[in-house]
Amino acid sequence: MKDLRFLCTLLFGVAVVLFFGMAYPHHLHYQEQYQLFLFDLGYVWEIVKLPGGLADLLGRFCTQFFLFAWVGATIIGILLSVVQLLTLRLTDWGRLYGLSYVPAFLLWLFLLDENALFGGVWAVVLTLLASWGFDKLRCGWTRRILLVIAIPLLYWMAGPVCIVFFLLQAPRPQRIPWYYGLFILLAVLPVLLSFYLPVSADKLWFGIHYHRYPTVFPSLLWSASLSIFVLTLIARGLHHWANASHRIVATLCSFGLVFAIMLAFVWKNTNSKAEKVMQYDFMARHQQWNRILETINAEKPNNPIGVTVQNLALAMHGLLPDHLFEYNQNGISGLFPSVERDATSPLPTAEVFYQLGMINVAQRTVFEAQEAILDFQKSARCYKRLAQTNLINGDYEVSRKYLTALQKTLFYSDWANETLPLLGDEDAISKHPEYGRLRQMAYKEDFYFSDHTTCQMLQNLFLSNTDNRLAYDYLLAYCLLTGDRETYYYVTSIKQ
Amino acid sequence: MKKHLHILTLLLAVALLFMSSCTNHPDVPSSSKAVKSLPDIFPDYCDVTVPCNIAPLNFMLPSDRYAACVARISTPDGQQRTYGQGVKVQIPESDWHTILHASTGKSIKVEVWGKTAKSESEQNGEWLSFSPFEIHVAEEPIDEYISYRLIEPSYVAWDYMEIAQRHLTTFEETQIFNNEITCVDKTKGQCINCHSYQNYKTDNMLFHVRLSNGGTVLVNDGKVSKVNMKRDYTISSGVYPAWHPTAKVIALSTNKTRQGFHTADPNKIEVYDMASDMILYDIATDSVIVVSADTTLLEVYPTWSPDGRYLYYCKSVPLPEELAGKDIRSTYQKVQYNLYRRSFDEPTLSFGEEELVYDAASQDKSATLPRISPDGHYLLFAQGRYGCFHIRHLDADILCMALDDEAAPDIDISKLNSEGFPDSYPSWSSNGHWIMCASRRDDSNYCRVYFSYFKDGKAEKAFMMPQEDPEHHTFFLKSYNRPEFMVEPVRISVDEFSKVFTD
């Protein structure tokens, strides 16, 4: 029976890994790019000094591994399996074994939202670990004292979802006086803290860092958390019935039923459109131009970001003017989408500006993208690009600031260490395949960037350096999309 | 009970002893190679003049070239102390204030030794002894507090920002206000900007917030409220403020401000006004009086003379005829401001005729951000070649001119300025002996606060606001915006300020 349950958990964990590794990998990349985890005491302190801080810290620590989707998927798989195993240990589920998967499935559903933060999952895990640990303690004064200490401590570590810990301790009749005592303690905590912390009271009640949007109430996370208590109550209430005969068959049936229903929910709520957009963004970020061509040839993109990235990849291969109309187009927005203050559009747009040699514009777009991160986090991807744009512009000291910060990361430190010696080394920069090329392509004459002077911008860029093939291709594409024959002939005559 | 108290005292004493033993007093290297140059310390405190109540001037040698640093500090009374841990020299506050006390009106001698980092050729770094330098300690103290907005040097979008206050005698920094509380939803949140105090005191102060719930947060005799200064006849609500030194009136500019983004210019951003006027806000009657509203010219950056009898401000000169009426994005380099003033009659709240104070345009320059010294003899302002937002102009410097015959005949504040980086937003301490400015001199991007001693028309070498960790400003990715002197801290809490947005 134990082995069978182990197999079921394993099956669940593998399903989670396969889902995030195969169907949702770019959601994980998306998560990773909107944070900057630093191995720095000051950074850690800024996180853990707020309620829910430890869960948040662990969530951010894990999220940095999402740069590699399969590693991220494995971490999620393990953590959700731990949630299921800890839920299972709360009571004897008997025939209702399948219900022990519901909280983990709800967390899976929670993680389908690209703005759900992984710290939320850690908050549930910490809460369950605390409950499990307390269930192992004998009743007595030591336990009671520890319980009083644990409530505020757990609130500080995991945030308000730790209410489940309190609820799980409550229902046993002999603990009724404690129940009220703990209830008062838990209720008073956020009220007291709201006077001393620079955090609004509602965040202290509902969680500071469970979701990237500060105004969004993470209902699925709370459902997952509260379901642990409700389902445990049900299992305890139906104890005699649940533990009747034919347990193996019943166990398998309940597991199969819950697994099928919840999996259907997961599939129904999967946002494959967003995944597609994120895939294009990911490919542009890593300059996977061949892979982009393969992808657009297999399925022509029909989202604005996809079209932008498609055109950039075509231009990088010198195919843009000749093959422009073989693919879906989105007018001139397909070349340069207008810079919106949202989470998805600025970064691929900035990639186009950067590759064309519009360094100041790329820098501004990336800076704005970082400022638009709703939970005030910084972005390793943005830091990297800002270090590059400042390096190309010759603003070495500013570049050094970003590089020094990236030296404190796990996955960007090597790159930062390799790039730091370039600062101030004009010769090395001019010989660098990327930075040297982009310096040559850059604008020679200054003018104001505007969203409405795209043709002029491209023309100036091309005239600054007529060897800038990318600018030439984009300019021709612009003329073709707008029907501007005059500029088309003018530009082609210069090139000839 | 008595026994417990004894134990507690003993524990405290042990703790204090332990803490004091944490201070590193290394030995001076027994042998070293003399280098005939000043040490390359950050921040650069070599031969600066500092106030007698400033926080410790902690500094460091560059960590990529040095492995260790030792500094020996000698005071005029013959006392010597050594400090250094790694490449940093961090002096405990109590030690530092003893040093300052012993050196007030005189100088501190600082000798620095640096151990070079190991290289491939050298297995062990060698100790270098640099030329000693002095830190002159002025008798005049600096105002104990300053406040500033901490902000990413961003373009259009804004993130978390705060107005903070710093106690200059220590390293204590506290928040006056932050936008997180009112900014949980960015579409409903606010950008915080210009703050101002009446005569260096904080019982009467204000700061602006923009966008959702926008307006001016006003503290009047310690009571917080939010007011809206926008009227049908003004182009915007109040923007750049200046409290009258004694009366409950505030002069403000009203601005229609825009930004442009350069494609190649190293200045990167251009902030300009499409239109700007000036108003006077009367707190008692909540009324807005138009001071000037010339539709063809731009008036901005009001400031009062210390006696409150004059209002100084900047005003653009008319554009050449051929450029008049053209898009400002093509004419911005021709927009130049002069400094003017008008007399002010407090009982009637009326202004006299306009007088030209400084003609920058005739020198093909643009003058902004005037500030009058507390004795009324000097006028500080920022000057660049064009425009009104000099903190983004690499050529911007701070200038000083005499306002009357009592000013020193030879004014020289060149030591305050940097070469080739923006220096802007000058202000005077309440005793008129310290000039503060915001400067991007360290990396051209992030504004830092600099102070300079001013006496008899001369400014001494500027020094960066000290930080407990001398490396702080290397990593800190925020700009110090609009630094203002205060003689006392703001006592109203962030929460109390936030309530005006929710009430």
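Predicted model: local features only at pLDDT ≥ 70, side-chain atom pairs only at ≥ 80, totals over all residues.

The C-alpha centres of domain 1 and domain 2 of chain A sit 41 Å apart. To pick them out, select 2-269 for domain 1 and 274-495 for domain 2. Now look at where they meet: 20 residues of domain 1 of chain A are in contact with 19 residues of domain 2 of chain A. On the domain 1 side of that contact you'll find 10 nonpolar, 7 polar and 3 charged residues.

**Next stop: a helix pair in chain A**

Select residues 2-23 of chain A, which is helix H1, along with residues 69-88, which is helix H5. Their axes come within 8 Å and cross at roughly 150 degrees. Angles over 145 degrees count as roughly antiparallel, so H1(A) is roughly antiparallel to H5(A). The crossing itself is right-handed.

Want to see who does the touching? Show side chains on H1(A) for residues including Phe12(A), Val16(A) and Phe20(A), then on H5(A) for residues including Trp70(A), Ile76(A) and Leu80(A). Glycines take part as well, among them Gly13(A) from H1(A) and Gly77(A) from H5(A). Count up the classes in this contact and you get 12 nonpolar, 8 polar and no charged residues.

**Over to chain B**

Colour 33-137 of chain B as domain 1 and 145-502 as domain 2. Here the C-alpha centres are 35 Å apart. Where the two meet, 19 residues of domain 1 of chain B are in contact with 15 residues of domain 2 of chain B. On the domain 1 side, strand E2 (48-50) and strand E3 (59-60) of chain B each give two or more residues. E2(B) has the largest share, with 3 residues. By class, that side divides into 12 nonpolar, 4 polar and 3 charged residues.

**Last stop: where the chains meet**

Show both chains together. How many residues of chain B are in contact with chain A? There are 30, and they touch 29 residues of chain A. Within chain B's side, select strand E12 (173-178) and strand E18 (249-262), which each supply at least two residues. The largest share, 3 residues, comes from E18(B). That side of chain B contains 12 nonpolar, 8 polar and 10 charged residues.

Click on Tyr448(A) and you can find its bridge partner in E18(B), His262(B).

Conventions:
Residues numbered from 1 in each chain as written. Chains lettered and ligands numbered in written order. Domains from an automatic or database assignment. Contact = placed C-beta atoms within 7 Å. Nonpolar A, V, L, I, M, F, W, Y, C, P; charged D, E, K, R; others polar. Helix = DSSP H or I, 4+ residues; strand = E, 2+ residues; numbered from the N terminus. Pairing = 2+ DSSP bridges. Axes fitted to C-alpha atoms, helices over the stretch in contact; angles between N-to-C directions. Parallel < 35°, antiparallel > 145°, perpendicular 65-115°, else oblique. Left-handed = near helix turned anticlockwise from the far one by under 90°.
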